[in-house]
Amino acid sequence: MRVNSIYCLLALSSAAIAVPFSSKLHRKTALAIIDVQNDFITGSLANPRAPVILPKIYQLLDDHEWPFIVASQDWHPPGHVSFFSSHPGKVAGDTVNDTFVDTPTKIEIQTLYADHCIPETWGAEIERGIQTRLHSLEGYRAPVNYIKKAQDHRVDSYSAFADNQYHRFTTLHSELSLHGIETLVMTGLLTNACVRGTSIDGIKLGYEVILIEDATETTSAEDKAAAIEELEGWGVQVMNLTDWEAANPTPSKLRNMEL
(Lines give C-alpha, C1' and ligand atoms only; values in the text may rest on other atoms or scores of the structure.)
Protein backbone atom coordinates (compact mmCIF):
# COMPACT_ATOMS: atom_id res chain seq x y z
CA MET A 1 0.00 0.00 0.00
CA ARG A 2 2.82 2.37 0.91
CA VAL A 3 4.63 1.63 -2.38
CA ASN A 4 1.45 2.29 -4.32
CA SER A 5 1.06 5.62 -2.52
CA ILE A 6 4.59 6.61 -3.51
CA TYR A 7 3.87 5.73 -7.14
CA CYS A 8 0.70 7.86 -6.98
CA LEU A 9 2.66 10.80 -5.63
CA LEU A 10 5.25 10.43 -8.38
CA ALA A 11 2.51 10.32 -10.98
CA LEU A 12 0.93 13.46 -9.58
CA SER A 13 4.30 15.20 -9.52
CA SER A 14 4.88 14.31 -13.18
CA ALA A 15 1.44 15.65 -14.08
CA ALA A 16 2.17 18.89 -12.26
CA ILE A 17 5.43 19.31 -14.17
CA ALA A 18 3.52 18.92 -17.44
CA VAL A 19 1.28 21.90 -16.63
CA PRO A 20 2.65 25.00 -18.43
CA PHE A 21 3.17 26.97 -15.21
CA SER A 22 6.32 27.85 -13.31
CA SER A 23 6.63 29.75 -10.06
CA LYS A 24 9.69 31.45 -11.52
CA LEU A 25 8.18 32.36 -14.88
CA HIS A 26 7.45 36.00 -14.06
CA ARG A 27 9.59 36.57 -10.99
CA LYS A 28 9.04 39.87 -9.20
CA THR A 29 6.23 40.71 -11.63
CA ALA A 30 2.58 41.31 -10.75
CA LEU A 31 -0.45 41.33 -13.03
CA ALA A 32 -2.71 44.35 -12.40
CA ILE A 33 -6.34 44.12 -13.52
CA ILE A 34 -7.85 47.56 -13.09
CA ASP A 35 -11.61 48.06 -12.63
CA VAL A 36 -12.88 45.43 -15.09
CA GLN A 37 -16.34 45.69 -13.54
CA ASN A 38 -19.76 45.15 -15.03
CA ASP A 39 -20.78 48.81 -14.86
CA PHE A 40 -17.82 49.77 -17.07
CA ILE A 41 -18.68 47.13 -19.67
CA THR A 42 -22.46 46.78 -20.06
CA GLY A 43 -23.77 48.56 -16.97
CA SER A 44 -24.50 52.17 -16.05
CA LEU A 45 -21.31 53.38 -17.78
CA ALA A 46 -21.54 50.88 -20.65
CA ASN A 47 -18.65 51.05 -23.10
CA PRO A 48 -18.89 49.11 -26.39
CA ARG A 49 -15.08 49.19 -26.68
CA ALA A 50 -14.54 47.40 -23.35
CA PRO A 51 -15.39 43.75 -24.16
CA VAL A 52 -12.54 43.42 -26.68
CA ILE A 53 -9.96 43.38 -23.87
CA LEU A 54 -11.50 40.42 -22.03
CA PRO A 55 -9.88 37.61 -24.11
CA LYS A 56 -6.48 39.26 -23.62
CA ILE A 57 -6.88 39.32 -19.84
CA TYR A 58 -8.18 35.75 -19.88
CA GLN A 59 -5.03 34.78 -21.78
CA LEU A 60 -2.77 36.46 -19.23
CA LEU A 61 -4.53 34.51 -16.48
CA ASP A 62 -4.77 31.18 -18.32
CA ASP A 63 -1.32 30.95 -19.91
CA HIS A 64 0.93 32.61 -17.33
CA GLU A 65 1.74 32.27 -13.66
CA TRP A 66 2.19 35.28 -11.40
CA PRO A 67 3.71 35.64 -7.95
CA PHE A 68 1.05 38.26 -7.23
CA ILE A 69 -2.17 39.52 -8.86
CA VAL A 70 -4.04 42.70 -7.99
CA ALA A 71 -7.64 43.29 -9.07
CA SER A 72 -8.97 46.75 -8.28
CA GLN A 73 -12.60 47.80 -8.04
CA ASP A 74 -14.36 51.12 -7.78
CA TRP A 75 -16.37 50.77 -4.57
CA HIS A 76 -18.48 53.90 -4.27
CA PRO A 77 -20.94 54.53 -1.44
CA PRO A 78 -24.31 56.06 -2.34
CA GLY A 79 -23.95 59.82 -2.60
CA HIS A 80 -20.37 59.66 -3.82
CA VAL A 81 -18.87 62.94 -5.01
CA SER A 82 -18.40 61.55 -8.55
CA PHE A 83 -22.14 60.87 -9.04
CA PHE A 84 -24.08 63.60 -10.82
CA SER A 85 -27.07 62.49 -8.73
CA SER A 86 -25.22 63.89 -5.70
CA HIS A 87 -25.23 67.38 -7.25
CA PRO A 88 -28.73 68.77 -7.99
CA GLY A 89 -29.08 70.18 -11.48
CA LYS A 90 -25.97 68.42 -12.81
CA VAL A 91 -25.80 65.78 -15.55
CA ALA A 92 -23.21 63.25 -16.66
CA GLY A 93 -20.13 64.96 -18.05
CA ASP A 94 -20.51 68.10 -15.95
CA THR A 95 -17.79 69.09 -13.51
CA VAL A 96 -17.79 70.52 -9.99
CA ASN A 97 -15.12 72.03 -7.79
CA ASP A 98 -14.25 69.63 -4.99
CA THR A 99 -12.48 70.92 -1.87
CA PHE A 100 -9.46 68.94 -0.70
CA VAL A 101 -10.20 66.94 2.44
CA ASP A 102 -6.93 67.92 4.16
CA THR A 103 -6.50 71.39 2.68
CA PRO A 104 -9.77 73.36 2.39
CA THR A 105 -7.99 76.12 0.44
CA LYS A 106 -7.18 73.69 -2.40
CA ILE A 107 -9.69 72.76 -5.09
CA GLU A 108 -9.77 69.94 -7.66
CA ILE A 109 -12.09 69.60 -10.62
CA GLN A 110 -14.33 66.55 -10.33
CA THR A 111 -15.97 65.05 -13.43
CA LEU A 112 -19.46 63.68 -12.81
CA TYR A 113 -20.81 60.29 -13.91
CA ALA A 114 -23.92 58.19 -13.54
CA ASP A 115 -24.11 56.22 -10.29
CA HIS A 116 -21.81 53.23 -10.65
CA CYS A 117 -19.98 50.46 -8.81
CA ILE A 118 -22.01 50.69 -5.62
CA PRO A 119 -21.11 47.89 -3.18
CA GLU A 120 -23.27 44.76 -3.26
CA THR A 121 -24.63 45.54 -6.74
CA TRP A 122 -24.08 43.59 -9.96
CA GLY A 123 -22.40 46.62 -11.49
CA ALA A 124 -19.64 46.61 -8.87
CA GLU A 125 -18.75 42.97 -9.50
CA ILE A 126 -15.69 42.01 -11.51
CA GLU A 127 -16.59 40.62 -14.95
CA ARG A 128 -17.58 36.99 -14.54
CA GLY A 129 -14.91 35.37 -16.73
CA ILE A 130 -12.12 37.19 -14.90
CA GLN A 131 -13.61 36.61 -11.46
CA THR A 132 -13.99 32.88 -12.12
CA ARG A 133 -10.34 32.66 -13.11
CA LEU A 134 -9.23 34.64 -10.08
CA HIS A 135 -11.20 32.34 -7.77
CA SER A 136 -9.49 29.32 -9.32
CA LEU A 137 -6.05 30.85 -8.69
CA GLU A 138 -6.58 32.15 -5.15
CA GLY A 139 -4.59 30.21 -2.57
CA TYR A 140 -3.44 27.70 -5.19
CA ARG A 141 -1.29 29.28 -7.87
CA ALA A 142 -1.18 32.97 -6.98
CA PRO A 143 -2.07 35.39 -4.18
CA VAL A 144 -4.87 37.69 -5.35
CA ASN A 145 -5.30 41.06 -3.68
CA TYR A 146 -8.59 42.89 -4.21
CA ILE A 147 -8.30 46.66 -3.87
CA LYS A 148 -11.66 48.35 -3.25
CA LYS A 149 -11.03 52.02 -3.87
CA ALA A 150 -12.91 55.33 -3.72
CA GLN A 151 -14.85 54.31 -0.61
CA ASP A 152 -14.72 57.83 0.86
CA HIS A 153 -17.78 59.69 -0.44
CA ARG A 154 -15.86 63.00 -0.36
CA VAL A 155 -13.05 62.18 -2.78
CA ASP A 156 -12.66 60.11 -5.96
CA SER A 157 -9.90 57.59 -6.57
CA TYR A 158 -8.63 56.65 -9.99
CA SER A 159 -5.39 55.01 -8.83
CA ALA A 160 -5.34 51.66 -7.07
CA PHE A 161 -2.57 53.09 -4.87
CA ALA A 162 -4.29 56.20 -3.48
CA ASP A 163 -7.18 58.59 -3.88
CA ASN A 164 -6.96 61.57 -6.21
CA GLN A 165 -5.93 63.91 -3.40
CA TYR A 166 -3.39 61.48 -1.85
CA HIS A 167 -5.48 61.76 1.30
CA ARG A 168 -5.62 58.01 1.83
CA PHE A 169 -3.48 55.22 0.45
CA THR A 170 -4.56 51.63 -0.15
CA THR A 171 -2.57 48.59 0.95
CA LEU A 172 -1.33 47.94 -2.60
CA HIS A 173 2.19 49.37 -2.29
CA SER A 174 2.87 47.51 0.96
CA GLU A 175 1.50 44.25 -0.49
CA LEU A 176 3.68 44.57 -3.60
CA SER A 177 6.72 45.28 -1.44
CA LEU A 178 5.93 42.30 0.79
CA HIS A 179 5.91 40.02 -2.26
CA GLY A 180 9.09 41.48 -3.71
CA ILE A 181 7.35 42.89 -6.79
CA GLU A 182 9.38 45.19 -9.03
CA THR A 183 7.34 45.15 -12.28
CA LEU A 184 3.64 45.76 -12.89
CA VAL A 185 1.93 44.40 -16.01
CA MET A 186 -1.04 46.72 -16.40
CA THR A 187 -4.46 45.91 -17.91
CA GLY A 188 -8.03 47.10 -17.51
CA LEU A 189 -10.40 50.07 -17.69
CA LEU A 190 -10.23 52.93 -18.48
CA THR A 191 -6.92 53.70 -20.17
CA ASN A 192 -7.25 57.44 -19.55
CA ALA A 193 -8.66 57.20 -16.03
CA CYS A 194 -7.97 54.43 -13.52
CA VAL A 195 -5.36 52.61 -15.63
CA ARG A 196 -3.63 55.96 -16.15
CA GLY A 197 -3.73 56.87 -12.45
CA THR A 198 -2.45 53.49 -11.29
CA SER A 199 0.32 53.44 -13.91
CA ILE A 200 1.57 56.93 -13.01
CA ASP A 201 1.54 56.19 -9.28
CA GLY A 202 3.39 52.94 -9.99
CA ILE A 203 6.13 54.92 -11.76
CA LYS A 204 6.24 57.47 -8.92
CA LEU A 205 6.71 54.64 -6.43
CA GLY A 206 9.63 53.17 -8.38
CA TYR A 207 8.02 50.22 -10.18
CA GLU A 208 8.68 49.24 -13.76
CA VAL A 209 5.26 49.55 -15.41
CA ILE A 210 4.33 47.73 -18.63
CA LEU A 211 0.99 48.58 -20.20
CA ILE A 212 -0.49 45.82 -22.35
CA GLU A 213 -2.00 48.09 -25.00
CA ASP A 214 -4.60 45.63 -26.31
CA ALA A 215 -5.66 44.61 -22.78
CA THR A 216 -6.86 48.12 -21.89
CA GLU A 217 -9.53 50.35 -23.39
CA THR A 218 -11.34 53.65 -23.02
CA THR A 219 -14.28 55.30 -24.74
CA SER A 220 -12.55 56.40 -27.97
CA ALA A 221 -9.45 55.69 -30.02
CA GLU A 222 -8.40 59.32 -29.68
CA ASP A 223 -8.60 59.31 -25.88
CA LYS A 224 -6.69 56.03 -25.73
CA ALA A 225 -3.91 57.31 -28.00
CA ALA A 226 -3.56 60.50 -25.95
CA ALA A 227 -3.41 58.52 -22.69
CA ILE A 228 -0.77 56.16 -24.06
CA GLU A 229 1.34 59.06 -25.26
CA GLU A 230 1.16 60.65 -21.82
CA LEU A 231 2.01 57.37 -20.06
CA GLU A 232 5.02 56.83 -22.30
CA GLY A 233 6.15 60.29 -21.25
CA TRP A 234 6.04 59.10 -17.64
CA GLY A 235 8.23 56.13 -18.51
CA VAL A 236 5.55 53.46 -18.89
CA GLN A 237 6.49 50.77 -21.42
CA VAL A 238 3.68 50.09 -23.90
CA MET A 239 3.47 46.70 -25.66
CA ASN A 240 0.78 44.59 -27.23
CA LEU A 241 0.19 41.14 -25.76
CA THR A 242 1.83 39.27 -28.64
CA ASP A 243 5.08 41.21 -28.27
CA TRP A 244 5.03 40.92 -24.48
CA GLU A 245 4.52 37.16 -24.66
CA ALA A 246 7.36 36.84 -27.17
CA ALA A 247 9.63 38.54 -24.65
CA ASN A 248 8.20 36.49 -21.75
CA PRO A 249 7.46 32.99 -23.13
CA THR A 250 5.75 30.31 -21.08
CA PRO A 251 7.73 27.14 -20.25
CA SER A 252 5.84 25.19 -22.93
CA LYS A 253 6.81 27.75 -25.57
CA LEU A 254 10.38 27.70 -24.34
CA ARG A 255 10.49 23.93 -24.78
CA ASN A 256 9.14 24.27 -28.32
CA MET A 257 11.78 26.88 -29.10
CA GLU A 258 14.51 24.53 -27.88
CA LEU A 259 13.34 21.62 -30.05
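Modeller: Happy to! This is a predicted model, where local features need pLDDT of at least 70, side-chain atom pairs count only at pLDDT 80 or more, and totals for chains, interfaces and linings use all residues. Residues are numbered from 1 along each chain as its sequence is written, and side-chain values use heavy atoms, with hydrogens and water left out.

Biologist: In what order do the six strands form the open sheet, and is the pairing parallel or antiparallel?

Modeller: The order is 5-2-1-6-7-8, and the pairing is parallel. Strands here are DSSP runs (E, at least two residues), as helices are (H or I, at least four), numbered from the N terminus. Two strands pair if DSSP finds at least two bridges between them.

Biologist: What makes strand 5 and strand 8 edge strands?

Modeller: Strand 5 (144–149) and strand 8 (237–239) each have a single partner strand, so one side of each is left without a neighbour in the sheet. From one strand to the next, the twist averages 25°; angles run from 0 to 180 degrees between N-to-C directions, with axes fitted to C-alpha atoms, for helices over the stretch in contact.

Biologist: How do you know that strand 1 and strand 6 are paired?

Modeller: Six bridges join strand 1 (residues 29–34) to strand 6 (residues 183–189), and pairing asks for at least two, so the label holds.

Biologist: Which strands does helix 3 touch?

Modeller: Helix 3 (residues 128–137) touches strand 1, strand 2 (68–74) and strand 5, where contact means heavy atoms within 4.5 Å. The direction of helix 3 makes about 135° with that of strand 5.

Biologist: Why is the Asp74 and Lys149 pair called a salt bridge?

Modeller: The term needs a side-chain nitrogen of Lys or Arg within 4 Å of a carboxyl oxygen of Asp or Glu. Asp74 and Lys149 come to 2.6 Å, N to O, so they qualify. The pair links strand 2 to strand 5, 75 residues apart.

Biologist: What makes Asp74 buried?

Modeller: Buried means under 20% relative accessible area, exposed over 50%, and partly exposed in between (1.4 Å probe, protein chains only). Asp74 has 4%, so it is buried. Lys149, at 1%, counts as buried as well.

Biologist: And why is Lys56 called partly exposed?

Modeller: Its relative accessible area is 25%, so Lys56 falls in the in-between class. Lys56 forms a salt bridge with Asp214, the closest N and O atoms being 3.7 Å apart. Here Asp214 sits in strand 7 and Lys56 in helix 2 (residues 54–62), 158 residues apart.
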